[in-house]
Amino acid sequence: MSAAQSTAAQNAQDPLDADVPALPRLLADIPEEGPMSLREHLELRGELPRFERRRREEGPLIATIERAGLTGRGGAGFPTAAKMRAVAHARGRAIVVVNIAEGEPASMKDRTLAQALPHVVLDGAELAAEAVGADEVIVCVCESASASVGGVAAALEERAARSRSRPRAQLVTVPATYVAGQESALVNFLDGGPAFPTFAPPRPFEAGVRRRPTLVSNAETLAHLALIARHGSAWFRELGTPSEPGSALVTLSGPVTRPGVYEIECGASLRSLIEAAGGTTARIRGALIGGYAGTWIAGELVGGIALSREHLAPHGATLGAGVVLLLSEHACPVAETARAARWLAEESSRQCGPCVHGLDAIASTIEQIAVGETGQRRVLADLGSVASLVRRRGACGHPDGAVGFVLSAVEAFASDFTDHARHGRCDACLPPGELPLPEHVRVYRAGEREDLGVRRLARPRR
Amino acid sequence: MSALAAAGPSTYWYLTRSTGAVALLLLTLAVVLGILDVRRVSTPRWPRFVVDSLHRNASLLAMAFLAMHVLTSVLDSFAPISLADAFVPFAGSYRPLWLGLGAVALDLLVAVTITSVLRQRLGYGSWRAIHWLTYASWPIALLHSFGTGSDVKGGWLLALSVACLLAVLAAVLVRVLSGWPANLRVRGAALGGAGLFSIFLILWLPGGPLGSEWARRSGTPASLLHHASTGSQGSAR
Amino acid sequence: MSHRVRVNPIACEAHGMCAELLPERITLDEWGYPIVDEQPLPPALVDHARRAAQACPTFALLVEREDKRR
């Protein structure tokens, strides 16, 4: 999925709203190759506005962000202004961490921004630092995304060459694991520990990197912030819905003509997004909204989905980090769920017993269902009880997300799961599988249930 | 002086030997419970918190007996042991090496005790690191008892010490065979260390404390030695 | 000012003493890990809760005062 694919047809709006200001905003003039230079960026966007901040007070930008209603684009959707305010008022000199870890395999938006439009992200980081009184910016990029690392590095060099005083910025590469992008995991890693979540309190905004108040912000969120600073909160609200204003980046993958990163108006219909991507290339079995911590929606309902919190909530879904994964008719939902569930179990940081044991039990159960080895056991009831044992009993949201993912699959593809439990594998249960997962995952093979050798730990490792 | 000696061994001498033996026994109990991590196994009549309390209380009781052991050995007028000798190793005049080992063991155990009492303040990581010193303190205490103990030849202390050694070895074996710790090298080191220590004892004891003239060879001051032939207790002090 | 019990799931190593000492609020799941009822503690249980927290070998069990929590 290159930047080139996302330049095509970036407007995903309902056709009725023809007079709404057009997209793209973030992805405007996204270059086909290599990062946009600082000069081009300034020509396109204009100079970075300055905001005067009096010492010990929060920057005036925070009020603008609050009026704009910007929420975090990293998955949690927390109001950005509230977060900035908390950091600004906490004791100690603040630090801004730009989160481009993007451990979610089905999401490419942050890496795309880093590789093609790093300056808009760094503008946001600089402005946020100013607003919360931070003297340091740390940009964390997934270590396997070499183009993104390169883009950010080049951009930082260009900015250092200009003689304006600005907060000190450095680039740090972080492991390409699923949990590494979690806030406290990033802080832990930056403090010299492993990229594993830590127990809260304290949360990063009060005591993060080096015990200083830390604003951990997703790259896309900061990019929006940079544009709001230039064009104002009213401009931001010209798109989207009153409760979810603005635009958002979405990674669309699966059987469409042009999969890739798109910028949508918040609340746009999934149908319009698919159209913008050139339509589908196969029948859709289902859609995974929100990534591997997200929710499955059955194929027949996909046409009516709009990508906003209020429209997704009745389906138990949120847009998460802007991930929409379509599953074609050629894939077996049960086999795909088994692969993903096992991957999710392996991506646990293994610090908390309920996560280690629970996710393993769930993955094993799905694998058994897939090959029809469940016998007379009421597996769906089993899944439900394990799920209730796992929710909210870990130090981070990973087990909750994994459980939600699996249970939504069982609900959305109920007949497939029942068929498999009774009759075993189906014709579509063949490797390699459609869901994008990192290559090191042991791919589920129909007919053999590999002993994936998960250690039964009485003591999960630290 | 010789009149005093001829009057027989003082009460302190009996006390220091007995409290030392009891301390060794209690320490062994605590160490065995610790090695076995018996907290993980429980029966309805022995819930885990009881076993854990047993471990903690055995340790504290051992320290109480150790305190009495040190005090009575200092108060006993026969051997020139000062309070400083109990804490500063190898500086005394009475069997400096073997007494010094006792001082080392005492120092380690005091450190462990203090950190355990202050656990809440120290935090788990530091407490745990110091707690590992118990693995060193126990064999050192055992060597001390062989080297300074005057009852080794008499049989009962030897029997007691061997029983303690077997208990600890059994505990190590059980723990290692049940797959702990996960790190193979540490497991190997635990087995190897236990094995080497036992072999050392088997080779050393017959020619050492159990052999002839151990009192002289272990560093008993010469002025005390000639009582050995006149004392009614028989074996050298 | 009420108290609550909470477990740090990272520090917890499933020793299980907390469930023995505070069964009113803590039960163990099938893997030996504590399921904690975070309802406020009646005054009679606070001492028991503190004892359970002291018994935990890894300090995973926490007794927190209401005003300290967010």
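Which side chain meets that of Glu136(A) in a salt bridge?

1. In this predicted model, the side chain that meets Glu136(A) is that of Arg212(A), and the salt bridge between the two has an N to O distance of 3.8 Å. Because Arg212(A) belongs to the loop between helix 8 and strand 4 of chain A while Glu136(A) belongs to strand 2, the pair ties together parts that lie 76 residues apart in sequence.

2. Arg212(A) also forms a salt bridge with Asp135(A), at 2.6 Å from N to O. Here strand 2 (residues 134–142), which holds Asp135(A), is tied to the loop between helix 8 (183–190) and strand 4 (214–218), which holds Arg212(A), so the parts joined are 77 residues apart in sequence.

3. Over all chains, a search of the whole structure finds 27 salt bridges.

4. Another salt bridge joins the side chains of Arg283(A) and Glu329(A), with 3.3 Å from N to O. Since Arg283(A) lies in the loop between helix 11 (270–276) and strand 7 (284–289), and Glu329(A) in the loop between strand 9 (323–328) and helix 14 (333–346), the pair ties together parts of chain A that are 46 residues apart in sequence. Arg283(A) counts as exposed at 52% relative accessibility, while Glu329(A), at 34%, counts as partly exposed.

Methods: Residues are numbered from 1 along each chain as its sequence is written. Chains are lettered from A and ligands numbered from 1 in the order in which they are written. This is a predicted model: local features need pLDDT of at least 70, side-chain atom pairs count only at pLDDT 80 or more; totals for chains, interfaces and linings use all residues. Side-chain values use heavy atoms; hydrogens and water are left out. A salt bridge is a side-chain nitrogen of Lys or Arg within 4 Å of a carboxyl oxygen of Asp or Glu. Helices (H or I, at least four residues) and strands (E, at least two) are DSSP runs, numbered from the N terminus. Buried means under 20% relative accessible area, exposed over 50%, partly exposed in between (1.4 Å probe, protein chains only).
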